[in-house]
Amino acid sequence: MNEKICLKNIAGADMVDVLKWYNMTDEFKFATGFDRPVTMGVLVKKYIEALASGNEFFLGIYLRNEGIIIGILKGMLENEKGGIAWIKSLIIDPSYQRMGYGSSAVNLFLDFLGKNTKIRDVYLAVAEENAVGINFWRKQQFGEIRRIQNCAAFNGSICGILIMHRLLVV
């Protein structure tokens, strides 16, 4: 349990905030994978796909006392009975960044996995040019395990990605 935040499924009313973050492409293109604005229809489709898949998660990060959504955590669990987890997106609203909420959300999620699943390997991919993201994930004890050149395209340019990993110790 965390005193500052909680993770839970996103409520429909919170999709307006999520859309706002997805359309802040300069700040969040690496987290969302979108370098151009999206419509509510596109976002809702991604949300429904995540819910329908059964192994994806699309969680809101909420201030525990106020119930205000301040970010999202999105990814997938592969074979929850002993498989792996992939974190695909972590977004914290700019007005709440650098206050420990991102780290708290990651720790809360990893703690949940460690206590409630047999997942011990957590992976994520970070664009090589996303120095802020790489530094954040290193602080969360994720280590680089592989570099893939010429993999992701943003604004018409190709960039490499780093695959990062953290082993959960129970």
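1. Let's start with Met-164. Setting aside neighbours within four places in sequence, Met-164 is in contact with Val-122, Tyr-123, Leu-124, Val-126, Ile-134, Trp-137, Arg-138, Phe-142, Gly-143, Glu-144 and Ile-145. Bear in mind that this is a predicted model.

2. Where does Met-164 sit? You'll find Met-164 in strand S7, which covers residues 157-167. Met-164 counts as buried because its relative accessibility is 0%, and the cut-off for buried is under 20%. Trp-86 is 78 residues away from Met-164 in sequence, yet their C-alpha atoms are 9.9 Å apart in space.

3. Now for the strand pairing. S3 (residues 69-78) and S4 (residues 84-92) pair in the antiparallel sense, with eight bridges between them. Across from Ile-84 in S4 you'll see Glu-78.

4. S4 also pairs with S5 (residues 121-127), this time parallel and over four bridges. Which residue of S5 is the bridge partner of Ile-84? That is Asp-121. Ile-84 therefore has Glu-78 opposite it and Asp-121 as its partner in S5, while as a rule side chains in a regular strand alternate between the two faces of the sheet.

5. Together, S4, helix H4 (residues 101-116) and S5 form a β-α-β unit, and it is right-handed.

6. Last, have a look at helix H2, residues 25-32. Its buried residues are Thr-25, Phe-28, Lys-29, Ala-31 and Thr-32. Residues three or four places apart on an α-helix point the same way, because there are 3.6 residues a turn.

Terms used: Residues numbered from 1 in each chain as written. Predicted model: local features only at pLDDT ≥ 70, side-chain atom pairs only at ≥ 80, totals over all residues. Heavy atoms only, no water. Buried < 20%, exposed > 50% of the residue type's maximum accessible area, 1.4 Å probe, protein only. Helix = DSSP H or I, 4+ residues; strand = E, 2+ residues; numbered from the N terminus. Pairing = 2+ DSSP bridges. Right-handed = clockwise from strand over helix to strand, strands pointing away. Contact = heavy atoms within 4.5 Å.
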